Amino acid sequence: MPILLTLHVLGAVFLLGGMTAHALLRPAATSAAADARNALYQLAWRIQVVMVYTGSALLLITGVLLWVGRFKLFTGWLLLGVLLFIAAMGLDGAFLAPTLRRARRGPAGDSDRSSGMAASAVTVQLVAWFLLLVVLFLMVARPF
Ligand code: HEM
């Protein structure tokens with residue numbers, strides 16, 4: 001299935017590329033002046049929609065199609081890979097994307113609270129990025 005695998009790897013390029021861009025943009029945005037911060041969060045939201053959402057949907061659909069019929073259901077690297085993928089997307093959906101959505105609308109009323117959220121988002125973003133790197137390793141090395 002060379003076309004499916006190509007689309008799957010394209011999804012990985014989009015998702016990891018998007019998450020890497022976020023990991024670079026977030027610390028820059030937290031320390032930038034107000035109008036630069038706004039522009040950086042607008043860009044981060046565009047990356048979220050065009051790269052992270054598109055990439056993760058592409059990965060999920062093509063990944064399941066590649067799995068079915070070719071690998072057993074209980075294949076270690078696939079199960080762990082999917083679990084870590086879900087963990088990373090959970091962090092993204094439950095915390096990272098909402099902070100971006102809020103930040104690009106402009107500063108919230110309680111600026112202490114929102115700057116605290118922005119600081120923890122930098123760490124959570126790095127954790128999600130690292131989880132995806134582990135998935136990449138599992139998919140390529142297939143160690144068990
Ligand atoms: C729902 C999540 C996922 C599923 C079900 C899944 C499933 C699969 C399967 C079955 C293959 C083997 C294809 C074959 O050889 O025919 C594969 C390969 C691959 N996957 Fe995933 N995948 C998922 C998520 C990811 C993620 C998040 C990444 C990267 C961050 C990724 C990167 C790759 C890469 C690079 C390959 C090619 C490995 C190679 O051919 O050496 N996948 N995936």
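Thr62 is buried because 21 other C-beta atoms lie within 10 Å; a residue is called buried if 20 or more other C-beta atoms lie within 10 Å of its own, exposed if 12 or fewer, and partly exposed in between, with C-beta atoms placed from the backbone. This is a predicted model, in which local features need pLDDT of at least 70 and side-chain atom pairs count only at pLDDT 80 or more, while totals for chains, interfaces and linings use all residues. Residues are numbered from 1 along each chain as its sequence is written.

Thr62 has its place in helix H2. Leaving aside neighbours within four places in sequence, Thr62 is in contact with Leu4, Leu7, His8 and Gly11; two residues are in contact if their C-beta atoms, placed from the backbone, lie within 7 Å. By comparison, the C-alpha atoms of Thr62 and Leu131, 69 residues apart along the chain, are separated by 20 Å.

The view may now widen to the whole chain. Its secondary structure comes to four helices and zero strands, and from the N terminus on the elements run α-α-α-α. Helices (H or I, at least four residues) and strands (E, at least two) are DSSP runs, numbered from the N terminus. The C-alpha atoms fill a box of roughly 50 × 25 × 20 Å, taken along the principal axes. Of the 144 residues of the chain, 26% count as buried. Among contacts between residues at least 6 apart in sequence, 83% join residues at least 24 apart.

Helix H1 covers residues 2-31, and at 1.5 Å a residue these 30 residues should span 44 Å, which agrees with its end C-alpha atoms being 44 Å apart. The expected span is 1.5 Å times one less than the number of residues in the helix. H1 bends by about 25 degrees at Leu25, and Pro27 follows within four residues; the bend at a residue is the angle between axes fitted to the seven residues ending there and the seven starting there. The buried residues of H1 include His8, Gly11, Phe14 and Leu15.

In the largest nonpolar core, which has 24 residues, Leu15, Ala88, Ala128 and Leu132 touch the most other members. H1, H2, H3 and H4 each supply at least two residues of this core, and H4 gives the most, with seven residues. A nonpolar core is a set of buried Ala, Val, Leu, Ile, Met, Phe, Trp, Tyr and Cys residues joined through C-beta atoms within 7 Å. Not counting residues up to four places away in sequence, Leu15 touches Val52, Gly55, Ser56, Leu59 and Leu132.

The ligand has 23 residues around it, of which Ala12, Gly63, Leu66, Trp67 and Met139 come nearest; a residue is near a molecule if its C-beta atom, placed from the backbone, lies within 6 Å of it. H1, helix H2 (34-67), helix H3 (76-104) and helix H4 (111-141) each supply at least two residues of this shell.

Two further residues complete the tour. Ala118 lies in helix H4 and counts as buried because it has 20 C-beta neighbours inside 10 Å. Ala118 and Thr30 are 88 residues apart in sequence and 6.5 Å apart in space, C-alpha to C-alpha. Arg142 lies in the segment after H4 and counts as partly exposed because it has 13 C-beta neighbours inside 10 Å. Phi of Arg142 is near 45 degrees, a positive value in a residue other than glycine.
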